[in-house]
Amino acid sequence: MAMADETEQQLREKIASQKAAIAELPSLESIVEETGLTSPETKARAQQIKELSDNEEQLELLLESRRMEAIISLQDELH
């Protein structure tokens, strides 16, 4: 479980860092308006958002896995 705790903490820290970095940038809409839809700046911002989304999904899957482990453990104790 310690490895899972460490993984969760790392994901939480990475997500917080990514959110902070994204918050300091201009909005995706303003980047598109200024540089165009296919500009490197637009693509970079979209990539940052995708990476954040992927990390949030990975964290959610980790937490769901823990919930399932707890349920299975509880069922095993009850039987």
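A salt bridge is a side-chain nitrogen of Lys or Arg within 4 Å of a carboxyl oxygen of Asp or Glu. The structure examined here is a predicted model, in which local features need pLDDT of at least 70, side-chain atom pairs count only at pLDDT 80 or more, and totals for chains, interfaces and linings use all residues. Residues are numbered from 1 along each chain as its sequence is written, and side-chain values use heavy atoms, with hydrogens and water left out.

A search of the whole structure finds 7 salt bridges. One of them pairs R66 with D5, whose closest N and O atoms are 2.7 Å apart. Because R66 lies in helix α3 and D5 in helix α1, this pair ties together parts that are 61 residues apart in sequence. Helices here are DSSP runs (H or I, at least four residues), numbered from the N terminus. R66 counts as buried, at 17% relative accessibility, while D5 is partly exposed at 40%; buried means under 20% relative accessible area, exposed over 50%, and partly exposed in between (1.4 Å probe, protein chains only).

With E56 in helix α3 and K19 in helix α1, the pair ties together parts 37 residues apart in sequence. Both E56, at 33%, and K19, at 44%, are partly exposed. K50 and D54 also meet in a salt bridge, at 2.7 Å, but these two residues both lie in helix α3, 4 residues apart, about one turn of the helix. K50 is partly exposed at 44%, as is D54 at 34%. Salt bridges that share partners also join D5, E8, R12 and R66 into one network.

What about the nonpolar side chains? In soluble globular proteins, these tend to be buried together. Here the largest nonpolar core has 8 residues, A4, L11, I15, I22, L52, L59, L62 and L63. Such a core is a set of buried Ala, Val, Leu, Ile, Met, Phe, Trp, Tyr and Cys residues joined through side-chain atoms within 4.5 Å. Leaving out residues up to four places away in sequence, L62 touches A4, T7, E8 and L11, where contact means heavy atoms within 4.5 Å.

Beyond its neighbours within four places in sequence, Q18 is in contact with E51, L52 and N55.
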